[in-house]
Amino acid sequence: MDVGAAAALGTSLAVGLGALGAGIGDGLVSSKTVESVARQPELRGNLMVIMFIGVGLIEALPIIGVVIAFILLGKV
């Protein structure tokens, strides 16, 4: 296997696993927020703000991973 093929395989694995992890994390955060709102509806606004901050942080990591993967792929 040449270096270009290995780099492409590594890039696809990094992007795919990053997306998988982000999807699982988003699902967990959303489900726990829905449970919390069901228990205490008066805190809905505060919980939604915290959820959006958490989802934003979760989604930032795969985007950074994609950028790093493409940078590394471009150097090969």
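Helix H2 covers residues 44-75 of this predicted model; helices here are DSSP runs of H or I with at least four residues, strands are runs of E with at least two, and both are numbered from the N terminus. The 32 residues of H2 reach 47 Å from the first C-alpha to the last, close to the 46 Å expected at 1.5 Å a residue, where the expected span is 1.5 Å times one less than the number of residues.

Val37 lies in helix H1. Beyond its neighbours within four places in sequence, Val37 contacts Arg44 and Leu47. Met48 is eleven residues from Val37 in sequence, and their C-alpha atoms are 8.9 Å apart.

The protein chain as a whole has two helices and zero strands. Its radius of gyration is 17 Å, well over the 11 Å of the globule rule for 76 residues, so the chain is more spread out than a compact globule; the radius is taken over C-alpha atoms, and the rule is 2.2 Å times the number of residues to the power 0.38. The C-alpha trace spans about 60 × 15 × 5 Å along its principal axes. Of the 76 residues, 13% count as buried. Among contacts between residues at least 6 apart in sequence, 70% join residues at least 24 apart.

Residues are numbered from 1 along each chain as its sequence is written, and side-chain values use heavy atoms, without hydrogens and water. In this predicted model local features need pLDDT of at least 70 and side-chain atom pairs count only at pLDDT 80 or more, while totals for chains, interfaces and linings use all residues.

Notes. Contact = heavy atoms within 4.5 Å. Buried < 20%, exposed > 50% of the residue type's maximum accessible area, 1.4 Å probe, protein only.
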